[in-house]
Amino acid sequence: MKKFLAALAIGAGLALTMPAAHAATPDDTLIEAWRFDDMISLDPAEMYEISTYELVGNVYVTLVSIDPHDTSHILPRVAESWSASDDGLTYTFKLRAGQKFHSGNALTAADVVYSFQRLAALDLAPAFLITDLGISKENMNDTLKAVDDLTFQFKVDKPYAPSYVINVLSASNFAIVDSKLLKSHETNGDWGNGWLKTNSAGSGPFILKSWKPDETLVLEANPDYYGGKPKLKRIVWRNIAEESAQRLLLESGDVDIARNLSADQLDGLRKKGGFEVTSTPQSTSLYIGMNLKNKYLADPKVREAIRYLVDYQGLEKTALRERYVTNQTFLPSSFLGYVDSNPYKLDVAKAKSLLAEAGYADGFELSIDLASTFQERMDIAQSLQGTLAQVGIKLKILSEDAKTALTNYRARKHDLYLGTWGVDYFDPNTNMVFVANSDNSDDPASKPLSWRNSWIDPDMTAKAQALLMERDDAKRKTGYQDLIKAWQPVSPFAMLYQEVQVAAYLPKVKNFFLGPSAETTLYLDVSK
(Lines give C-alpha, C1' and ligand atoms only; values in the text may rest on other atoms or scores of the structure.)
Protein backbone atom coordinates (compact mmCIF):
# COMPACT_ATOMS: atom_id res chain seq x y z
CA MET A 1 0.00 0.00 0.00
CA LYS A 2 2.83 2.43 0.79
CA LYS A 3 4.21 1.86 -2.68
CA PHE A 4 0.77 2.46 -4.21
CA LEU A 5 0.38 5.75 -2.34
CA ALA A 6 3.85 6.87 -3.35
CA ALA A 7 2.91 6.30 -6.98
CA LEU A 8 -0.23 8.37 -6.49
CA ALA A 9 1.77 11.23 -5.00
CA ILE A 10 4.14 11.23 -7.94
CA GLY A 11 1.21 11.16 -10.33
CA ALA A 12 -0.35 14.13 -8.57
CA GLY A 13 2.84 16.13 -8.84
CA LEU A 14 3.09 15.48 -12.56
CA ALA A 15 -0.54 16.41 -13.00
CA LEU A 16 0.05 19.84 -11.50
CA THR A 17 2.89 20.58 -13.90
CA MET A 18 1.73 18.60 -16.93
CA PRO A 19 -2.08 18.88 -17.02
CA ALA A 20 -2.28 17.33 -20.49
CA ALA A 21 -1.08 13.96 -19.20
CA HIS A 22 -3.94 11.63 -18.33
CA ALA A 23 -3.64 9.08 -15.59
CA ALA A 24 -6.16 6.43 -14.67
CA THR A 25 -7.06 5.47 -11.16
CA PRO A 26 -7.36 1.72 -10.46
CA ASP A 27 -10.78 0.23 -11.25
CA ASP A 28 -11.23 -1.07 -7.72
CA THR A 29 -10.14 2.14 -5.97
CA LEU A 30 -11.97 5.45 -5.55
CA ILE A 31 -9.70 8.45 -5.08
CA GLU A 32 -11.06 11.74 -3.80
CA ALA A 33 -9.44 15.16 -3.54
CA TRP A 34 -10.88 17.34 -0.79
CA ARG A 35 -10.07 19.20 2.39
CA PHE A 36 -10.23 17.02 5.49
CA ASP A 37 -7.55 18.72 7.53
CA ASP A 38 -10.03 19.35 10.34
CA MET A 39 -9.58 15.81 11.67
CA ILE A 40 -8.22 15.74 15.21
CA SER A 41 -9.34 12.46 16.77
CA LEU A 42 -10.98 9.44 15.13
CA ASP A 43 -12.59 8.26 18.39
CA PRO A 44 -16.41 8.42 17.96
CA ALA A 45 -16.74 9.45 21.62
CA GLU A 46 -14.43 12.40 21.06
CA MET A 47 -14.64 13.47 17.39
CA TYR A 48 -16.52 16.64 16.65
CA GLU A 49 -15.20 17.63 13.23
CA ILE A 50 -17.17 17.37 10.00
CA SER A 51 -14.71 15.25 8.02
CA THR A 52 -14.37 12.76 10.85
CA TYR A 53 -18.12 12.23 10.83
CA GLU A 54 -17.87 11.07 7.21
CA LEU A 55 -15.11 8.65 8.15
CA VAL A 56 -17.01 7.28 11.16
CA GLY A 57 -20.18 6.93 9.09
CA ASN A 58 -18.37 4.47 6.82
CA VAL A 59 -16.21 2.62 9.36
CA TYR A 60 -18.68 2.21 12.22
CA VAL A 61 -22.36 1.35 12.58
CA THR A 62 -24.88 2.89 14.96
CA LEU A 63 -27.98 1.22 16.39
CA VAL A 64 -30.09 3.20 13.91
CA SER A 65 -29.38 5.77 11.24
CA ILE A 66 -31.08 8.46 9.21
CA ASP A 67 -32.08 7.47 5.68
CA PRO A 68 -29.82 9.76 3.59
CA HIS A 69 -32.45 9.87 0.83
CA ASP A 70 -35.34 10.69 3.17
CA THR A 71 -34.34 12.08 6.55
CA SER A 72 -37.84 11.58 7.93
CA HIS A 73 -37.11 7.84 7.97
CA ILE A 74 -34.98 5.94 10.46
CA LEU A 75 -33.14 2.86 9.21
CA PRO A 76 -32.35 -0.17 11.37
CA ARG A 77 -28.60 -0.83 11.54
CA VAL A 78 -26.99 -2.73 14.41
CA ALA A 79 -30.51 -2.94 15.85
CA GLU A 80 -33.12 -4.66 13.71
CA SER A 81 -36.03 -3.42 15.83
CA TRP A 82 -36.76 -1.30 18.89
CA SER A 83 -39.57 -0.28 21.21
CA ALA A 84 -40.33 2.17 24.00
CA SER A 85 -42.20 1.37 27.20
CA ASP A 86 -45.63 2.88 27.74
CA ASP A 87 -44.24 5.37 30.24
CA GLY A 88 -41.63 6.50 27.70
CA LEU A 89 -38.71 5.83 30.03
CA THR A 90 -37.31 2.47 28.85
CA TYR A 91 -36.06 1.71 25.33
CA THR A 92 -35.33 -1.85 24.19
CA PHE A 93 -33.34 -2.75 21.07
CA LYS A 94 -33.11 -6.18 19.43
CA LEU A 95 -29.76 -6.59 17.63
CA ARG A 96 -29.13 -8.42 14.39
CA ALA A 97 -27.57 -11.83 14.92
CA GLY A 98 -24.20 -12.70 13.45
CA GLN A 99 -22.63 -9.23 13.30
CA LYS A 100 -18.86 -9.02 13.62
CA PHE A 101 -16.31 -6.29 14.15
CA HIS A 102 -13.37 -5.84 11.82
CA SER A 103 -11.28 -7.71 14.40
CA GLY A 104 -13.48 -10.80 14.02
CA ASN A 105 -14.99 -10.35 17.47
CA ALA A 106 -18.76 -10.86 17.67
CA LEU A 107 -20.86 -7.70 18.15
CA THR A 108 -23.18 -8.14 21.13
CA ALA A 109 -25.31 -6.03 23.45
CA ALA A 110 -22.31 -5.82 25.81
CA ASP A 111 -20.51 -3.80 23.12
CA VAL A 112 -23.46 -1.41 22.90
CA VAL A 113 -23.41 -0.93 26.68
CA TYR A 114 -19.65 -0.32 26.58
CA SER A 115 -19.96 2.17 23.68
CA PHE A 116 -22.63 4.20 25.46
CA GLN A 117 -20.78 4.04 28.78
CA ARG A 118 -17.53 5.36 27.33
CA LEU A 119 -19.38 8.26 25.66
CA ALA A 120 -20.66 9.27 29.08
CA ALA A 121 -17.54 8.33 31.08
CA LEU A 122 -15.03 10.10 28.85
CA ASP A 123 -17.16 13.23 29.16
CA LEU A 124 -15.62 14.82 26.07
CA ALA A 125 -17.26 17.32 23.68
CA PRO A 126 -20.04 15.00 22.36
CA ALA A 127 -20.95 13.66 25.85
CA PHE A 128 -23.91 16.02 26.09
CA LEU A 129 -25.70 13.85 23.53
CA ILE A 130 -26.11 11.09 26.11
CA THR A 131 -26.27 13.22 29.26
CA ASP A 132 -29.19 15.13 27.70
CA LEU A 133 -31.04 11.81 27.93
CA GLY A 134 -30.32 11.65 31.65
CA ILE A 135 -27.55 9.06 31.31
CA SER A 136 -24.31 10.09 33.01
CA LYS A 137 -21.09 8.50 34.23
CA GLU A 138 -22.64 8.47 37.70
CA ASN A 139 -25.72 6.44 36.76
CA MET A 140 -24.62 4.61 33.59
CA ASN A 141 -24.27 1.24 35.34
CA ASP A 142 -27.93 1.45 36.36
CA THR A 143 -29.38 2.91 33.16
CA LEU A 144 -27.58 0.84 30.49
CA LYS A 145 -28.15 -2.91 30.37
CA ALA A 146 -27.37 -5.94 28.18
CA VAL A 147 -30.44 -8.12 28.78
CA ASP A 148 -28.83 -10.87 26.71
CA ASP A 149 -26.34 -11.03 23.83
CA LEU A 150 -28.86 -9.58 21.37
CA THR A 151 -30.99 -7.33 23.60
CA PHE A 152 -29.90 -3.87 24.74
CA GLN A 153 -31.95 -1.68 27.05
CA PHE A 154 -31.55 1.78 28.51
CA LYS A 155 -33.57 4.14 30.67
CA VAL A 156 -33.98 7.89 30.21
CA ASP A 157 -34.83 10.33 32.99
CA LYS A 158 -37.92 11.87 31.38
CA PRO A 159 -40.57 10.73 28.89
CA TYR A 160 -39.01 12.52 25.93
CA ALA A 161 -40.54 12.48 22.46
CA PRO A 162 -39.62 9.00 21.14
CA SER A 163 -38.65 10.49 17.78
CA TYR A 164 -36.15 12.75 19.56
CA VAL A 165 -34.56 9.82 21.43
CA ILE A 166 -34.23 7.67 18.30
CA ASN A 167 -32.95 10.59 16.21
CA VAL A 168 -30.25 11.36 18.78
CA LEU A 169 -29.04 7.76 18.64
CA SER A 170 -28.40 8.14 14.91
CA ALA A 171 -25.52 10.52 15.67
CA SER A 172 -22.16 8.96 14.81
CA ASN A 173 -20.91 9.61 18.33
CA PHE A 174 -23.14 6.66 19.35
CA ALA A 175 -21.20 4.34 16.99
CA ILE A 176 -20.78 0.84 18.41
CA VAL A 177 -17.15 0.06 19.18
CA ASP A 178 -15.38 -3.27 19.71
CA SER A 179 -15.19 -3.50 23.52
CA LYS A 180 -12.79 -6.47 23.60
CA LEU A 181 -10.36 -4.73 21.26
CA LEU A 182 -10.54 -1.42 23.10
CA LYS A 183 -10.12 -3.00 26.52
CA SER A 184 -6.85 -4.47 25.26
CA HIS A 185 -5.70 -0.94 24.45
CA GLU A 186 -6.89 0.83 27.59
CA THR A 187 -4.28 2.90 29.40
CA ASN A 188 -4.82 4.32 32.89
CA GLY A 189 -8.57 3.94 32.60
CA ASP A 190 -8.87 5.91 29.37
CA TRP A 191 -11.41 3.51 27.79
CA GLY A 192 -8.96 3.08 24.89
CA ASN A 193 -9.29 6.73 23.91
CA GLY A 194 -5.55 7.25 23.43
CA TRP A 195 -5.35 4.37 20.96
CA LEU A 196 -8.63 5.07 19.20
CA LYS A 197 -7.62 8.62 18.34
CA THR A 198 -5.65 7.22 15.39
CA ASN A 199 -7.12 3.73 14.93
CA SER A 200 -10.57 2.17 14.52
CA ALA A 201 -12.65 -0.50 16.23
CA GLY A 202 -15.78 -0.67 14.10
CA SER A 203 -17.97 -3.09 12.17
CA GLY A 204 -18.88 -0.87 9.20
CA PRO A 205 -18.49 -1.51 5.47
CA PHE A 206 -14.95 -0.12 5.41
CA ILE A 207 -11.87 -0.66 7.56
CA LEU A 208 -9.45 2.16 8.36
CA LYS A 209 -6.06 1.10 7.01
CA SER A 210 -4.03 4.29 7.41
CA TRP A 211 -4.33 7.97 8.22
CA LYS A 212 -1.63 10.59 7.70
CA PRO A 213 -3.04 13.83 9.11
CA ASP A 214 -3.41 16.54 6.46
CA GLU A 215 -2.18 14.10 3.76
CA THR A 216 -3.99 10.83 3.05
CA LEU A 217 -6.51 8.45 4.50
CA VAL A 218 -7.13 4.93 3.19
CA LEU A 219 -10.15 2.70 3.76
CA GLU A 220 -10.42 -0.91 2.63
CA ALA A 221 -13.58 -2.93 2.07
CA ASN A 222 -14.92 -5.10 4.88
CA PRO A 223 -16.04 -8.36 3.17
CA ASP A 224 -17.95 -9.40 6.30
CA TYR A 225 -20.16 -6.31 6.59
CA TYR A 226 -23.71 -7.36 7.46
CA GLY A 227 -25.11 -5.14 4.69
CA GLY A 228 -23.05 -6.81 1.98
CA LYS A 229 -19.55 -6.48 0.59
CA PRO A 230 -18.67 -2.98 -0.73
CA LYS A 231 -18.39 -2.74 -4.50
CA LEU A 232 -14.98 -1.06 -4.32
CA LYS A 233 -11.91 -2.55 -2.71
CA ARG A 234 -10.42 0.70 -1.53
CA ILE A 235 -11.24 4.38 -0.86
CA VAL A 236 -8.39 6.91 -0.81
CA TRP A 237 -8.82 10.47 0.44
CA ARG A 238 -6.15 12.99 -0.54
CA ASN A 239 -6.07 16.25 1.38
CA ILE A 240 -5.81 18.88 -1.37
CA ALA A 241 -6.50 22.31 0.04
CA GLU A 242 -6.34 24.33 -3.17
CA GLU A 243 -9.49 24.25 -5.27
CA SER A 244 -7.51 24.82 -8.47
CA ALA A 245 -5.28 21.83 -7.67
CA GLN A 246 -8.36 19.68 -7.09
CA ARG A 247 -9.70 20.64 -10.50
CA LEU A 248 -6.39 19.87 -12.24
CA LEU A 249 -6.21 16.45 -10.59
CA LEU A 250 -9.76 15.68 -11.67
CA GLU A 251 -9.18 16.85 -15.24
CA SER A 252 -6.01 14.79 -15.52
CA GLY A 253 -7.75 11.69 -14.15
CA ASP A 254 -5.54 11.41 -11.08
CA VAL A 255 -8.58 11.58 -8.84
CA ASP A 256 -12.15 10.43 -9.41
CA ILE A 257 -13.90 13.09 -7.32
CA ALA A 258 -13.18 16.71 -6.35
CA ARG A 259 -15.20 18.03 -3.44
CA ASN A 260 -14.34 21.70 -2.97
CA LEU A 261 -14.61 23.39 -6.36
CA SER A 262 -15.90 26.94 -6.77
CA ALA A 263 -18.87 27.80 -8.97
CA ASP A 264 -16.53 29.19 -11.62
CA GLN A 265 -14.52 25.97 -11.64
CA LEU A 266 -17.69 23.93 -11.92
CA ASP A 267 -18.75 26.12 -14.84
CA GLY A 268 -15.40 25.41 -16.49
CA LEU A 269 -15.85 21.66 -16.11
CA ARG A 270 -19.38 21.80 -17.48
CA LYS A 271 -18.18 23.80 -20.49
CA LYS A 272 -15.36 21.37 -21.12
CA GLY A 273 -17.65 18.35 -20.74
CA GLY A 274 -16.92 14.83 -19.57
CA PHE A 275 -17.67 15.40 -15.90
CA GLU A 276 -20.65 14.89 -13.61
CA VAL A 277 -21.69 17.30 -10.86
CA THR A 278 -23.86 16.46 -7.86
CA SER A 279 -25.07 18.58 -4.95
CA THR A 280 -27.11 18.17 -1.78
CA PRO A 281 -28.34 20.77 0.76
CA GLN A 282 -26.67 20.27 4.10
CA SER A 283 -27.88 20.83 7.64
CA THR A 284 -25.52 23.77 8.19
CA SER A 285 -26.91 27.30 8.58
CA LEU A 286 -25.16 30.59 7.83
CA TYR A 287 -26.52 33.41 9.95
CA ILE A 288 -25.96 36.80 11.60
CA GLY A 289 -26.28 37.02 15.38
CA MET A 290 -27.29 40.38 16.85
CA ASN A 291 -26.21 41.04 20.44
CA LEU A 292 -28.88 42.73 22.56
CA LYS A 293 -26.17 44.10 24.87
CA ASN A 294 -25.81 46.73 22.16
CA LYS A 295 -28.49 49.35 22.87
CA TYR A 296 -29.45 49.73 19.23
CA LEU A 297 -29.81 45.99 18.65
CA ALA A 298 -31.89 45.66 21.82
CA ASP A 299 -34.68 47.37 19.87
CA PRO A 300 -36.66 44.72 17.89
CA LYS A 301 -37.38 47.27 15.14
CA VAL A 302 -33.64 47.70 14.53
CA ARG A 303 -33.17 43.93 14.31
CA GLU A 304 -36.09 43.71 11.92
CA ALA A 305 -34.60 46.53 9.82
CA ILE A 306 -31.28 44.69 9.53
CA ARG A 307 -33.11 41.58 8.30
CA TYR A 308 -34.43 43.79 5.47
CA LEU A 309 -30.92 45.02 4.65
CA VAL A 310 -29.47 41.67 3.55
CA ASP A 311 -29.30 41.12 -0.20
CA TYR A 312 -30.27 37.46 0.08
CA GLN A 313 -31.02 36.80 -3.59
CA GLY A 314 -28.21 38.94 -4.98
CA LEU A 315 -25.57 37.12 -2.95
CA GLU A 316 -27.07 33.72 -3.73
CA LYS A 317 -26.68 34.45 -7.43
CA THR A 318 -23.11 35.75 -7.19
CA ALA A 319 -20.64 35.13 -4.35
CA LEU A 320 -22.56 32.18 -2.90
CA ARG A 321 -23.61 30.57 -6.14
CA GLU A 322 -23.97 26.76 -5.95
CA ARG A 323 -22.77 26.71 -2.32
CA TYR A 324 -25.71 28.19 -0.41
CA VAL A 325 -29.49 28.57 -0.75
CA THR A 326 -31.63 31.08 1.13
CA ASN A 327 -33.17 29.72 4.33
CA GLN A 328 -34.49 32.21 6.87
CA THR A 329 -35.65 29.67 9.46
CA PHE A 330 -33.76 27.97 12.28
CA LEU A 331 -34.37 24.50 10.76
CA PRO A 332 -32.66 22.97 7.71
CA SER A 333 -35.02 21.97 4.92
CA SER A 334 -34.81 18.24 5.65
CA PHE A 335 -35.97 18.52 9.28
CA LEU A 336 -39.28 17.72 10.96
CA GLY A 337 -41.09 21.04 11.37
CA TYR A 338 -39.30 22.86 8.58
CA VAL A 339 -41.47 25.40 6.82
CA ASP A 340 -40.48 27.14 3.60
CA SER A 341 -40.71 30.62 5.06
CA ASN A 342 -38.43 33.28 3.61
CA PRO A 343 -40.33 36.52 4.30
CA TYR A 344 -37.33 38.83 4.00
CA LYS A 345 -35.77 40.40 0.93
CA LEU A 346 -33.59 43.47 0.45
CA ASP A 347 -35.93 46.42 1.07
CA VAL A 348 -34.05 49.60 1.98
CA ALA A 349 -37.21 51.71 2.16
CA LYS A 350 -38.80 49.28 4.63
CA ALA A 351 -35.65 49.30 6.74
CA LYS A 352 -35.55 53.11 6.77
CA SER A 353 -39.14 53.20 7.95
CA LEU A 354 -38.44 50.75 10.79
CA LEU A 355 -35.37 52.69 11.90
CA ALA A 356 -37.36 55.97 11.88
CA GLU A 357 -40.02 54.30 14.05
CA ALA A 358 -37.27 53.22 16.44
CA GLY A 359 -35.93 56.80 16.61
CA TYR A 360 -32.73 56.11 14.70
CA ALA A 361 -33.39 57.84 11.39
CA ASP A 362 -29.92 59.40 11.52
CA GLY A 363 -28.19 56.04 11.88
CA PHE A 364 -25.42 54.82 14.20
CA GLU A 365 -22.30 52.65 14.17
CA LEU A 366 -21.97 48.85 14.47
CA SER A 367 -19.24 46.25 14.03
CA ILE A 368 -19.43 42.69 12.74
CA ASP A 369 -17.08 39.86 13.77
CA LEU A 370 -16.28 37.12 11.27
CA ALA A 371 -13.58 34.56 10.56
CA SER A 372 -11.18 35.76 7.87
CA THR A 373 -10.64 32.27 6.43
CA PHE A 374 -14.01 32.17 4.68
CA GLN A 375 -14.23 34.41 1.61
CA GLU A 376 -18.01 34.05 1.36
CA ARG A 377 -18.43 35.59 4.82
CA MET A 378 -16.33 38.60 3.79
CA ASP A 379 -18.46 38.92 0.65
CA ILE A 380 -21.64 38.94 2.75
CA ALA A 381 -20.19 41.45 5.24
CA GLN A 382 -19.10 43.83 2.49
CA SER A 383 -22.52 43.63 0.87
CA LEU A 384 -24.16 44.33 4.22
CA GLN A 385 -21.77 47.22 4.81
CA GLY A 386 -23.05 48.77 1.60
CA THR A 387 -26.74 48.30 2.34
CA LEU A 388 -26.45 49.49 5.94
CA ALA A 389 -24.72 52.63 4.69
CA GLN A 390 -27.84 53.41 2.67
CA VAL A 391 -29.80 53.85 5.92
CA GLY A 392 -27.04 55.69 7.79
CA ILE A 393 -25.56 52.76 9.71
CA LYS A 394 -21.76 52.66 9.54
CA LEU A 395 -20.57 49.04 9.73
CA LYS A 396 -17.00 48.17 10.76
CA ILE A 397 -15.90 44.72 9.56
CA LEU A 398 -13.73 42.86 12.09
CA SER A 399 -12.14 40.11 10.00
CA GLU A 400 -10.25 37.93 12.46
CA ASP A 401 -8.84 34.46 12.86
CA ALA A 402 -11.64 32.00 13.57
CA LYS A 403 -10.65 31.49 17.20
CA THR A 404 -10.74 35.24 17.99
CA ALA A 405 -14.08 35.75 16.28
CA LEU A 406 -15.61 32.79 18.08
CA THR A 407 -14.12 33.79 21.43
CA ASN A 408 -15.64 37.28 21.15
CA TYR A 409 -18.96 35.73 20.19
CA ARG A 410 -18.98 33.27 23.08
CA ALA A 411 -18.13 36.11 25.48
CA ARG A 412 -20.97 38.27 24.14
CA LYS A 413 -18.48 41.00 23.15
CA HIS A 414 -19.78 41.42 19.59
CA ASP A 415 -22.34 43.70 17.99
CA LEU A 416 -23.02 41.48 14.99
CA TYR A 417 -21.48 38.04 14.38
CA LEU A 418 -21.47 36.26 11.04
CA GLY A 419 -20.97 32.51 11.29
CA THR A 420 -22.31 29.01 10.70
CA TRP A 421 -24.07 26.44 12.83
CA GLY A 422 -24.16 22.72 12.10
CA VAL A 423 -26.59 20.30 13.72
CA ASP A 424 -25.54 17.50 16.07
CA TYR A 425 -28.32 15.12 15.04
CA PHE A 426 -31.38 15.06 12.77
CA ASP A 427 -34.04 16.31 15.13
CA PRO A 428 -35.43 19.86 15.45
CA ASN A 429 -34.46 19.93 19.11
CA THR A 430 -30.81 20.24 18.11
CA ASN A 431 -31.47 23.76 16.78
CA MET A 432 -33.43 25.00 19.79
CA VAL A 433 -30.15 26.72 20.62
CA PHE A 434 -31.54 29.51 18.44
CA VAL A 435 -34.71 29.71 20.55
CA ALA A 436 -34.39 28.50 24.12
CA ASN A 437 -32.53 30.31 26.90
CA SER A 438 -33.34 29.75 30.56
CA ASP A 439 -30.74 32.00 32.16
CA ASN A 440 -29.52 35.25 30.61
CA SER A 441 -27.01 36.03 33.36
CA ASP A 442 -23.35 36.41 32.37
CA ASP A 443 -22.25 32.98 33.60
CA PRO A 444 -25.08 30.45 33.30
CA ALA A 445 -24.67 26.68 33.20
CA SER A 446 -25.92 26.56 29.61
CA LYS A 447 -24.93 29.06 26.88
CA PRO A 448 -27.03 28.45 23.72
CA LEU A 449 -26.81 30.74 20.71
CA SER A 450 -29.76 32.76 22.02
CA TRP A 451 -27.73 33.41 25.19
CA ARG A 452 -24.67 34.44 23.17
CA ASN A 453 -26.83 37.19 21.71
CA SER A 454 -28.24 38.14 25.14
CA TRP A 455 -31.81 37.24 24.16
CA ILE A 456 -34.30 35.44 26.34
CA ASP A 457 -37.98 34.71 25.74
CA PRO A 458 -39.49 32.57 28.53
CA ASP A 459 -42.61 31.74 26.51
CA MET A 460 -40.67 30.45 23.50
CA THR A 461 -38.26 28.59 25.78
CA ALA A 462 -41.20 26.85 27.44
CA LYS A 463 -42.67 25.92 24.05
CA ALA A 464 -39.33 24.49 22.91
CA GLN A 465 -39.10 22.39 26.07
CA ALA A 466 -42.70 21.20 25.65
CA LEU A 467 -42.01 20.10 22.07
CA LEU A 468 -39.08 18.02 23.34
CA MET A 469 -41.60 16.03 25.40
CA GLU A 470 -44.37 15.86 22.77
CA ARG A 471 -44.89 12.21 21.83
CA ASP A 472 -47.15 12.90 18.86
CA ASP A 473 -44.91 13.67 15.87
CA ALA A 474 -47.70 15.44 13.97
CA LYS A 475 -48.08 17.82 16.91
CA ARG A 476 -44.32 18.23 17.13
CA LYS A 477 -44.22 19.18 13.47
CA THR A 478 -46.90 21.87 13.68
CA GLY A 479 -45.46 23.06 16.98
CA TYR A 480 -42.06 23.79 15.44
CA GLN A 481 -43.69 25.41 12.42
CA ASP A 482 -45.68 27.73 14.71
CA LEU A 483 -42.51 28.46 16.67
CA ILE A 484 -40.66 29.50 13.51
CA LYS A 485 -43.39 31.99 12.58
CA ALA A 486 -43.39 33.55 16.05
CA TRP A 487 -39.59 33.59 16.29
CA GLN A 488 -38.65 35.05 12.90
CA PRO A 489 -39.67 38.72 13.50
CA VAL A 490 -38.37 39.05 17.07
CA SER A 491 -35.29 36.84 17.41
CA PRO A 492 -31.72 38.17 17.57
CA PHE A 493 -30.85 36.38 14.32
CA ALA A 494 -30.89 37.12 10.63
CA MET A 495 -30.92 33.58 9.24
CA LEU A 496 -29.35 33.70 5.81
CA TYR A 497 -28.54 30.49 3.99
CA GLN A 498 -28.35 26.72 4.11
CA GLU A 499 -25.08 25.24 2.89
CA VAL A 500 -24.97 23.04 -0.22
CA GLN A 501 -22.29 20.38 -0.72
CA VAL A 502 -21.13 20.07 -4.32
CA ALA A 503 -18.84 17.49 -5.92
CA ALA A 504 -17.59 16.98 -9.45
CA TYR A 505 -16.63 13.48 -10.55
CA LEU A 506 -15.70 11.32 -13.50
CA PRO A 507 -18.61 9.59 -15.28
CA LYS A 508 -17.14 6.17 -14.60
CA VAL A 509 -18.01 6.66 -10.91
CA LYS A 510 -21.46 5.22 -10.23
CA ASN A 511 -23.88 5.66 -7.31
CA PHE A 512 -21.91 8.46 -5.67
CA PHE A 513 -24.28 10.45 -3.48
CA LEU A 514 -23.54 13.34 -1.13
CA GLY A 515 -25.65 12.84 1.96
CA PRO A 516 -27.42 15.68 3.79
CA SER A 517 -24.78 15.41 6.52
CA ALA A 518 -21.20 14.19 6.67
CA GLU A 519 -22.00 10.78 8.18
CA THR A 520 -24.61 10.09 5.49
CA THR A 521 -22.17 10.32 2.57
CA LEU A 522 -21.67 6.57 2.19
CA TYR A 523 -19.45 4.52 -0.11
CA LEU A 524 -20.95 1.03 0.24
CA ASP A 525 -22.69 1.09 -3.14
CA VAL A 526 -20.23 3.30 -5.05
CA SER A 527 -18.59 1.58 -8.02
CA LYS A 528 -16.46 2.39 -11.09
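Q: Which side chain meets Glu54 in a salt bridge?

A: Side chains of opposite charge can pair when their charged atoms come close. A salt bridge here is a side-chain nitrogen of Lys or Arg within 4 Å of a carboxyl oxygen of Asp or Glu. Glu54 meets Arg259, at 2.9 Å from N to O. Glu54 sits in helix α2, and Arg259 in the loop between β11 (257-258) and α10 (263-272), 205 residues apart. Helices (H or I, at least four residues) and strands (E, at least two) are DSSP runs, numbered from the N terminus.

Q: What kind of model is this, and how are residues numbered?

A: This is a predicted model: local features need pLDDT of at least 70, side-chain atom pairs count only at pLDDT 80 or more, and totals for chains, interfaces and linings use all residues. Residues are numbered from 1 along each chain as its sequence is written, and side-chain values use heavy atoms, with hydrogens and water left out.

Q: Are Glu54 and Arg259 buried or exposed?

A: Buried means under 20% relative accessible area, exposed over 50%, partly exposed in between (1.4 Å probe, protein chains only). Glu54 and Arg259 are both buried.

Q: What does Asp43 pair with?

A: Arg118, with the closest N and O atoms 2.8 Å apart. Asp43 lies in the loop between β1 (29-34) and α2 (50-59) and Arg118 in helix α3 (residues 109-122), so the pair ties together parts 75 residues apart in sequence. Asp43 and Arg118 are buried.

Q: How many salt bridges does the whole structure hold?

A: The search finds 23.
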